[in-house]
Amino acid sequence: MKNALAIAIAALFLSGNAAVAAEPQVERQQSMKSVGQAMGTLAKTAKGEIDYDATAVIEAFAAMNTAAVNFIDQFPEGTETGHETEASPNIWSDRAGFEEAVKKFDTDTANAVIAAPHDIAAFRAEFGKVAQNCKTCHETYRVSKK
Amino acid sequence: MRRLIGFLVILAVVVAVALWFLSAPGRLDEAAFADLGTADLARGEEMFWAGGCASCHAAPGAKGDDKLTLSGGLAIKSDFGTFYAPNISPDTQAGIGDWTFRQFAEAMKKGTSPEGTHLYPSFPYTSYTRIAMSDLNDMWGYLQTLPASDNVAPDHALGFPFNIRRAVGLWNLLYLRNGAVIDFASPDEAVSRGQYLVEGPGHCGECHTPRSLIGGLELGEWLAGATNPDGEGIIPNITPDGSIKSWSAGDIAYYLESGFTPDFDTAGGSMVSVQENMAKLPASDREAIAAYLKAIPGRPNGYPARSN
């Protein structure tokens, strides 16, 4: 039993390491995809297309926060091109501005999780703050390529 | 030989005189100004957002109410040099506070300045020429209610030959067209309204349509996407065969309202400012734009395949 648990933990670490070993361009694209998926849940809730589900909403904010926490590290020097990256050169030429924008996203999503909105009105206030981050950051730090 | 030289000199003079007349800045007829009446300021505000004035003429990076101060100064870097958006606030010295409505209308529809010189087509009069006079009248009324700014924007920094303003008159002969771009057999009301907004005030084609070597829009590739005229990357193909092929009309309208794509990706780059302008229009206008984009002919991408 102990062995099985050790193997499970080891497997977890190994799979974690495997993810870290991926190219940063691919890794950050996956981060943004997970944010997009979470945004799908939140936007459909905001539009009233799905019933209000506090657990799903908090999980979605948490998934965004998970993506935000390591996001800055996924843009090291030398990954300005490749893997169809849509990262703007501004990320490297204005590193401080980029880091500030990501930290704001980190803070706003963390606050939304802590607020744990239990009804649609409370949710909308948090959603508005979080959603604004997407455009603000993409306006300066993302370049459309397709 | 001497006769030949004499002939060539006369020919050169004739051509120069002809080009001078052909390149004359355009004017509007008196009839265009009949029956306009008092400006409707609420409609003028809608036209202000539809036209995207603030996206270039507000101070760079302005957000919220600061977008209403049209102090100018934004640098627009192009293949022809750097253009600086001028101050168009009602300040009489630094802005356009001492312009008449006629001067404003001739700038918007003909690209002609009050001094009778050509404006550069970085200012999209090539699209604004399709705006109805009554809408211009309302827009002009609204602009005069905005805060004045005494900021003096830098002069354009253009190399030869693009610094010869008179030559823009010849460019206008080729590229200044005030008719509809797409010829619909029997458009419904929404498509017609969308056509007006997209081809006129919205000036969507100015970025979403590829340009010739001398910067004229290739109307045969209308809205087929283009390389970004002001930076890296591309501006997407928004015809029914382009990047938004799988979007419903409702998806397009929701994108213009919220900035979110059907995959919950978002607008980026200069489209963020455009989308925020569109969000201020009545819902029926966003639906009309969507109806028009669904009705136009599909085209292959107007930009080269990426090499990265």
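Residues are numbered from 1 along each chain as its sequence is written, chains are lettered from A and ligands numbered from 1 in the order in which they are written, and side-chain values use heavy atoms, with hydrogens and water left out.

**Confidence in chain A**

Contact means heavy atoms within 4.5 Å. Where pLDDT is low, the predicted coordinates should not be read in detail.

**The two domains of chain B**

Chain B is divided into domain 1 (26–175) and domain 2 (189–295), with bounds from an automatic or database domain assignment. Their C-alpha centres lie 21 Å apart. In the contact, 24 residues of domain 1 of chain B meet 25 residues of domain 2 of chain B. About 2100 Å² is buried between these domains, and carbon and sulfur atoms give 53% of that area. Buried area is the accessible area (1.4 Å probe) that two parts lose on being put together, summed over both. Of the area that domain 1 of chain B buries against domain 2 of chain B, B:Trp49, B:Ala50 and B:Arg130 supply 26%, more than any other three residues.

The rule finds two salt bridges across this domain interface. A salt bridge is a side-chain nitrogen of Lys or Arg within 4 Å of a carboxyl oxygen of Asp or Glu.

**The contact between chains A and B**

Chain A gives 22 residues to the contact and chain B gives 24. The area buried between the chains is about 1900 Å², with 55% from carbon and sulfur atoms. A:Lys135, A:Glu139 and A:Lys145 supply 33% of the area that chain A buries against chain B, more than any other three residues.

Three salt bridges are counted between chain A and chain B, along with six residue pairs in polar contact, both residues at pLDDT 80 or more. Helix H2 (24–47) and helix H6 (120–141) of chain A each supply at least two residues of the side that touches chain B; helices (H or I, at least four residues) are DSSP runs, numbered from the N terminus.

**Salt bridges**

Over all chains the count comes to 17 salt bridges. B:Glu276 is paired with B:Lys67 and also with A:Lys135.

| Salt bridge | N to O distance |
|---|---|
| B:Lys67 and B:Glu276 | 3.3 Å |
| A:Lys135 and B:Glu276 | 3.5 Å |
| B:Asp135 and B:Arg43 | 3.0 Å |

B:Asp135 lies in helix H6 (residues 133–143) of chain B and B:Arg43 in helix H2 of chain B, so this pair ties together parts that are 92 residues apart in sequence.

Note on methods
Predicted model: local features only at pLDDT ≥ 70, side-chain atom pairs only at ≥ 80, totals over all residues. Polar contact = N/O pair within 3.5 Å; in protein donor to acceptor, adjacent residues only side chain to side chain.
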